Amino acid sequence: MKKQGTFVVNIMEQENATWQGRVTWLDQKETRCFRSMLELIRLLDTAVGGQEENIVEICGYVPLAAHPGQLTG
């Protein structure tokens, strides 16, 4: 059974017919950046029980803390 979670999604930009921004998983106090709707969906799926290794390879995402000052707001 997959976990449930509460997320806050911040849409920072819209470019190339998709969204860019960050998603915060409130239950784990973890924030990740995303570059497309597909990447956002994959991040959410990972958070609630998907395979993180595959997501890292596909999306190449980096925790927000690794980029101080980026996407603040």
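**Before selecting anything**

This is a predicted model, in which local features need pLDDT of at least 70 and side-chain atom pairs count only at pLDDT 80 or more, while totals for chains, interfaces and linings use all residues. Residues are numbered from 1 along each chain as its sequence is written, and side-chain values use heavy atoms, with hydrogens and water left out.

**Stop 1: the whole chain**

Display the chain as a cartoon. It contains two helices and three strands; here helices (H or I, at least four residues) and strands (E, at least two) are DSSP runs, numbered from the N terminus. Followed along the sequence, the pattern is β-β-β-α-α.

Now show the surface. Accessible areas come from the Shrake-Rupley method with a 1.4 Å probe, and for residues only the protein chains shown count as cover. Of the 73 residues, 27% count as buried. Buried means under 20% relative accessible area, exposed means over 50%, and partly exposed lies in between (1.4 Å probe, protein chains only).

**Stop 2: the sheet**

Select the three strands. They form an open sheet in the order S1-S2-S3, with antiparallel pairing. S1 and S3 (30-34) stand at the edges with a single partner strand each, so one side of each has no neighbour in the sheet. Neighbouring strands of this sheet are turned by 15° against each other on average, direction ignored. Such axes are lines fitted to C-alpha atoms, for helices over the stretch in contact, and angles run from 0 to 180 degrees between N-to-C directions.

Which kind of bonds holds the strands of a sheet together? Strands of a sheet pair through backbone hydrogen bonds, either parallel or antiparallel.

**Stop 3: the loops**

Select Asn 16 and Ala 17. The hairpin of S1 and S2 has two residues between the strands, and Asn 16 takes a positive phi near 55° there. Ala 17 is found in the loop between S1 and S2 and has a positive phi of about 60°, although it is not a glycine. Most residues other than glycine have a negative phi. With 78% relative accessibility, Ala 17 counts as exposed.

Move on to Lys 29, in the loop between S2 and S3. Lys 29 is not a glycine either, yet has a positive phi of about 55°. Its relative accessible area is 76%, so Lys 29 is exposed.

**Stop 4: Leu 40**

Select Leu 40, which lies in helix H1. Is Leu 40 buried or exposed? Leu 40 is buried, because its relative accessible area is 5%. Leaving aside residues up to four places away in sequence, Leu 40 touches Val 9, Val 23 and Phe 34, where contact means heavy atoms within 4.5 Å. Leu 40 and Val 9 are 31 residues apart along the chain, and their C-alpha atoms are separated by 8.9 Å.

**Stop 5: the salt bridges**

The structure holds two salt bridges; the term denotes a side-chain nitrogen of Lys or Arg within 4 Å of a carboxyl oxygen of Asp or Glu.

- Select Arg 32 and Glu 30, whose closest N and O atoms are 2.3 Å apart. Arg 32 counts as buried at 13% relative accessibility, whereas Glu 30 is partly exposed at 29%.
- Select Glu 39 and Arg 35, whose closest N and O atoms are 3.0 Å apart. Glu 39 is buried, with a relative accessible area of 6%, whereas Arg 35 is partly exposed at 49%.

**Stop 6: a nonpolar patch**

Finally, select Val 9, Ile 11, Trp 19, Met 37 and Ile 41. Together they form a nonpolar surface patch with about 400 Å² of accessible area. Patches are made of residues with over 30% relative accessible area and no salt bridge: like charges are joined within 9 Å, nonpolar side chains (Val, Leu, Ile, Met, Phe, Trp, Tyr) within 5 Å. Strand S1 (7-15) and helix H1 (37-47) each supply at least two of the patch residues. Met 37 lies in H1 and counts as partly exposed, at 31% relative accessibility.

Definitions and conventions:
Two strands pair if DSSP finds at least two bridges between them.
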